[in-house]
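Subject: Model for you to look through

Hello,

Here is the structure I promised to pass on. Please open it beside this email, and read my notes below it.

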Amino acid sequence: MLPIIFIVPIVQLLILVHAATLEMKNIDMYIVDKDLSSTSRGIVQKFESSPFYHINHHSFSMQDAENELKKGNIDIILHIPYGFESELIKGNDSGLQLLIDAINGTAAGLIQSYTQAVLADYNRNIMLKWTSPVIKEKPLSIEITHSFWYNPELNYQTYMVPGILVLLVTLIGMILTSLNLVREKELGTAEQINVTPIRKYHFITGKLFPFWIIALFELAFGLLIGKLIFDIPIVGNLGLLFLFAAVYLFAILGAGLFFSTLASTQQQVMFINFFFMLLFILMSGLFTPVETMPDWARVINIANPMAYFMRVNRMILLKGSGFYDILPEFVSVSIYALIILSLAVWRYRKTV
Amino acid sequence: MKRFWGFVLKEFLHIFRDPRTMLILFGMPIVQILLFGYVITNEIKDIKIAILDQSKDPVTIELTNKIISSGFFILDRNIKNINEVEDVFKEGNVRQVIIFESGFGRKLKREGTANIQLIADASDANTANLVVHYTMAIINDFVREQNKLTGSPIQFIPEVRMLYNNELKGVYMFIPGIMAMILILVSAMMTSISIVREKELGTMETLLVSPLRPTQIILGKVTPYVALSFINAVTIIVMGNLVFGMPVQGSIILLLAESILYILLGLSLGILISTITKSQQNAMFISLFTLMIPTILLSGFIFPIENMPKILQWLSFFIPPRWFISIIKNIMLKGTGLMYVWKETLILIVMTSIFFGLSIRKFKIRLE
Amino acid sequence: MNEQKETIITVKNLVKKFGNFKANDNLSFEVFKGEIFGFLGANGAGKTTAIKILCGLWAPTSGEINVAGFDIYTQTEQVKKNIGYMSQKFSLYEDITVFENIRLFGGIYGLSRREIAQRATDLMRRLDLEHSRDKLISSLPLGWRQKLAFSVAILHKPKLVFLDEPTGGVDPVTRRKFWDQIYEAADRGITVFVTTHYMDEAEYCDRVSIMVDGRIADLDTPSALKGKYRVKNMNEVFLKIARIKPDEYNKLEPIYKVRKFK
């Protein structure tokens with residue numbers, strides 16, 4: 001029990017946060033420059049000086065390049081054909097090619113946009129240099145400046161830590177509760193309690209209360225680790241966060257209690273937990289934004305308590321959203337907790 | 001032999017009689033495929049944006065329309081003042097604000113250049129990054145079109161070819177990942193639990209006293225899971241193909257053979273876990289923490305291995321699914337043969353033999 | 001008095017060590033064909049260790065052991081075919097039905113389908129379980145499960161059946177009925193080797209061995225033992241034997257301690 005409470009969160013935070021990154025740091029590039037002109041060298045140099053690219057190979061053989069791509073040693077091939085520069089000056093299609101390993105579609109999309117940006121930049125240089133004075137009109141250009149708020153360095157950890165905290169609190173709350181209650185059933189102690197004059201709801205409250213405290217404690221502990229190790233910003237009001245978490249945990253403990261009524265052995269209840277946790281986690285928006293999900297998934301998410309807390313935790317911690325900003329979620333989770341708790345208690349009284 | 005099959009039959013009965021076991025065995029793969037296929041996408045779609053247009057001229061309106069009609073973005077609202085940005089972000093729906101400077105169109109015409117400012121809510125760094133890059137691409141595209149109309153200056157336009165996955169589909173990543181996960185789950189976790197359960201119930205003793213040999217008992221326990229894992233593997237491949245159009249470019253026989261190798265690896269792990277644990281609970285937790293979570297995180301299934309810190313990259317060498325995923329991606333998408341995946345295959349074979357060796361040793365020690 | 005009888009278990013100088021602890025300290029005894037042999041002792045006296053060795057579950061540290069005519073070291077498979085075993089936990093599968101359990105164990109012991117069907121019908125008629133053929137074991141009361149487990153353990157008609165604390169956790173009436181079942185089996189020529197810590201059950205055995213601290217303290221028929229120690233029942237026999245080794249007193253179960261001072 002103790003190791004679960006202390007070690008699991010640390011390990012999860014450390015590993016999950018570091019592993020779960022989609023940033024592109026090393027794009028392995030193979031360059032086939034058959035032109036060897038000043039323009040093509042200029043392009044190559046651009047990539048060489050970029051921190052994102054790692055030029056593994058240079059050669060004149062497309063076949064070799066494609067082979068490396070097939071083996072998975074490189075991500076992208078930049079192919080500059082013979083006569084690139086001279087065609088370019090003539091204003092013809094210059095035939096520059098990018099071949100990207102697109103099995104990981106997202107990464108490929110990013111690689112493409114990074115690479116295109118580098119090339120567009122170079123294009124602008126060429127235009128300024130070579131645009132013939134005959135054409136009077138200067139080519140149009142739009143200056144795009146961008147800024148990333150709340151996380152200017154696009155530090156992925158800042159995003160993951162609050163998400164994983166939600167995962168952790170939910171895991172502890174739901175699994176421990178349901179396991180513990182089923183254990184009582186298995187051991188027969190639940191029956192024992194039934195013959196004592198203690199009221200059912202007293203018993204249930206007594207069983208749930210420690211887990212409620214443990215989970216809240218876990219949240220505090222996780223926040224501390226997040227602050228100390230990952231230096232996540234805590235912009236918003238912690239009181240508000242804990243208020244929301246407290247209500248949220250009613251819903252989670254309710255779900256745990258409910259699951260415990262569906263099983264008679266610990267193994268069975270673990271299976272049920274396992275199934276639903278996976279569903280909840282994947283749909284909660286931990287990894288990918290909820291709005292990119294299809295409509296039916298968003299409907300299912302109404303019944304996914306994690307989706308609410310996932311959103312609210314990040315809003316409060318990273319952006320400092322206030323009570324009115326999270327009001328819709330707060331109301332939803334309160335109603336959710338009320339429904340699931342009553343349902344669970346009703347079923348629990350019937351079964352045990 | 002007859003003794004053996006009776007025993008296998010019993011194991012199937014255990015599985016089919018418990019709806020919760022069936023939920024994990026068959027509900028999970030299907031739900032996962034659907035979730036990953038439709039829900040977990042890194043594609044940008046329907047992202048809500050706000051626009052602060054201080055110019056409102058034909059150019060900004062045209063550009064706005066172009067951005068909105070791209071399908072990536074939905075215009076949540078127009079804002080009037082830069083101060084509203086903060087409120088909009090705190091509410092949490094809008095992820096990007098696009099700001100056109102005043103006199104945008106006029107400036108563009110006269111001076112040939114004008115300014116757009118993108119502000120992204122980077123509390124979700126990934127999405128923010130994608131959103132900004134997508135927006136920039138649309139704007140650059142717009143510029144290129146405009147320039148084409150006014151006569152082409154010297155510039156090159158790269159031809160981009162997305163190999164193996166033309167449409168940048170996410171399925172190509174997740175089908176191999178799900179296969180790796182489900183197979184290890186069924187073959188390792190379920191087997192270890194079912195063996196440990198016999199120990200817990202005391203039936204293992206009865207079996208060991210019977211004329212069944214220990215190897216027969218273990219084989220009898222794992223045979224149903226081999227069959228079910230195999231069915232799962234085929235289901236995932238077929239579903240991937242029919243529902244999501246995941247191709248099988250290479251040899252299907254090689255693909256199935258590699259799957260069986262991987263299933264055996266899972267079983268050897270499951271048996272090993274069962275020899276070192278006494279309760280189902282422990283077996284389950286060990287399976288979860290040593291198999292499931294690393295599979296999800298470190299196998300390259302969701303997050304690219306190259307981007308991880310060095311330590312985790314090293315760690316991923318010891319994660320069997322990493323190699324399996326690499327193998328099936330190669331076979332299914334690139335159509336490569338054994339020549340290209342022999343290294344990974346060899347690693348899996350070595351791992352399997354080590355695990356089997358260890359569990360046989362453990363099992364013998366226990367009996368003495 | 002049993003000299004002319006055929007032996008079915010021969011144990012000579014059996015030693016089993018766990019580290020420095022001797023769970024079985026130089027045991028030697030014989031069990032004769034057809035008898036009910038009681039293996040008595042307090043919890044932790046080494047009964048279960050001995051029975052596990054005899055069944056081939058654990059390897060002994062040293063000693064010569066022959067079970068059902070086969071050597072325990074070299075002919076384990078032959079031994080296994082000729083014995084039945086029922087553990088403290090009754091070891092039937094709870095989530096499959098009565099008939100499926102019978103079919104499973106019949107199959108494991110190599111009975112043909114016809115034999116299984118026939119013996120299953122017999123068995124269920126005898127135990128009055130005909131209506132429960134397709135019920136899950138988990139739905140049966142404990143006493144019934146116990147009876148069924150025993151019947152299943154001797155389904156393949158072994159020469160010898162090992163019962164490890166078979167009556168643990170059941171009420172006296174059920175225990176009495178269970179012993180009727182044991183007698184029935186013995187009547188059919190099956191040798192019964194039973195461990196127990198209920199002293200009253202010792203009275204039902206043909207011969208008993210009493211283990212204290214890993215050794216066999218005494219071994220004879222209940223009446224001979226009672227005569228030897230000049231007491232009225234087996235319980236007192238046990239107490240007398242325990243008194244011989246006063247240093248072991250503290251290891252006894254509380255129940256014996258209380259009775260001692262009465």
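Two strands pair if DSSP finds at least two bridges between them. Helices (H or I, at least four residues) and strands (E, at least two) are DSSP runs, numbered from the N terminus. Strand β1 (residues 27-33) and strand β2 (residues 53-59) of chain A pair in the parallel sense, over six bridges. Across that pairing, A:M29 stands opposite A:I55 in β2(A).

Before going further, a note on the source. This is a predicted model: local features need pLDDT of at least 70, side-chain atom pairs count only at pLDDT 80 or more, and totals for chains, interfaces and linings use all residues. Residues are numbered from 1 along each chain as its sequence is written, while chains are lettered from A and ligands numbered from 1 in the order in which they are written.

The sheet in chain A

β1(A), helix α2 (residues 38-49) of chain A and β2(A) make a right-handed β-α-β unit. Right-handed means that, with the strands pointing away from the viewer, the path from the first strand over the helix to the second runs clockwise.

β1(A) also runs parallel to strand β3 (residues 76-80) of chain A. Five bridges join them. A:V32 has A:H79 as its bridge partner in β3(A). β3(A) pairs as well with strand β4 (residues 97-101) of chain A, in the antiparallel sense, over four bridges. There, A:I76 is partnered by A:I100 in β4(A).

How many residues of β3(A) are buried? Five of its five. (Buried: 20 or more other C-beta atoms lie within 10 Å of a residue's own; exposed: 12 or fewer; partly exposed: in between; C-beta atoms are placed from the backbone.) In a regular strand the side chains alternate between the two faces of the sheet. Both faces of β3(A) are covered. A:I76, A:L78 and A:I80 are buried on one side, A:I77 and A:H79 on the other.

Domains

Bounds here come from an automatic or database domain assignment. Chain A has domain 1 (2-16 + 154-351) and domain 2 (24-130). Their C-alpha centres lie 48 Å apart. Chain B has domain 1 (13-40 + 170-367) and domain 2 (47-142). In chain B the two C-alpha centres lie 47 Å apart.

Where the chains meet

Two residues are in contact if their C-beta atoms, placed from the backbone, lie within 7 Å. Of the two pairs of chains in contact, A and B share the most contacts. That contact takes 91 residues from chain A and 90 residues from chain B. Helix α5 (residues 105-130) of chain A gives the largest share of chain A's side, 14 residues. By class, chain A's side has 50 nonpolar, 28 polar and 13 charged residues. (Ala, Val, Leu, Ile, Met, Phe, Trp, Tyr, Cys and Pro count as nonpolar, Asp, Glu, Lys and Arg as charged, and the others, Gly among them, as polar.)

A strand pairing also links these two chains. Strand β5 (residues 141-149) of chain A runs parallel to strand β4 (residues 113-121) of chain B, joined by nine bridges. A:I144 has B:I116 as its bridge partner.

Chain C touches chain B with 23 residues, against 20 residues from chain B. On chain C's side, α2 (76-82), β6 (83-86) and α3 (98-108) each supply at least two residues. α3(C) gives the largest share, five residues. Chain C's side has 11 nonpolar, five polar and seven charged residues. Chains A and C do not touch; their nearest C-alpha atoms are 12 Å apart.

Best wishes
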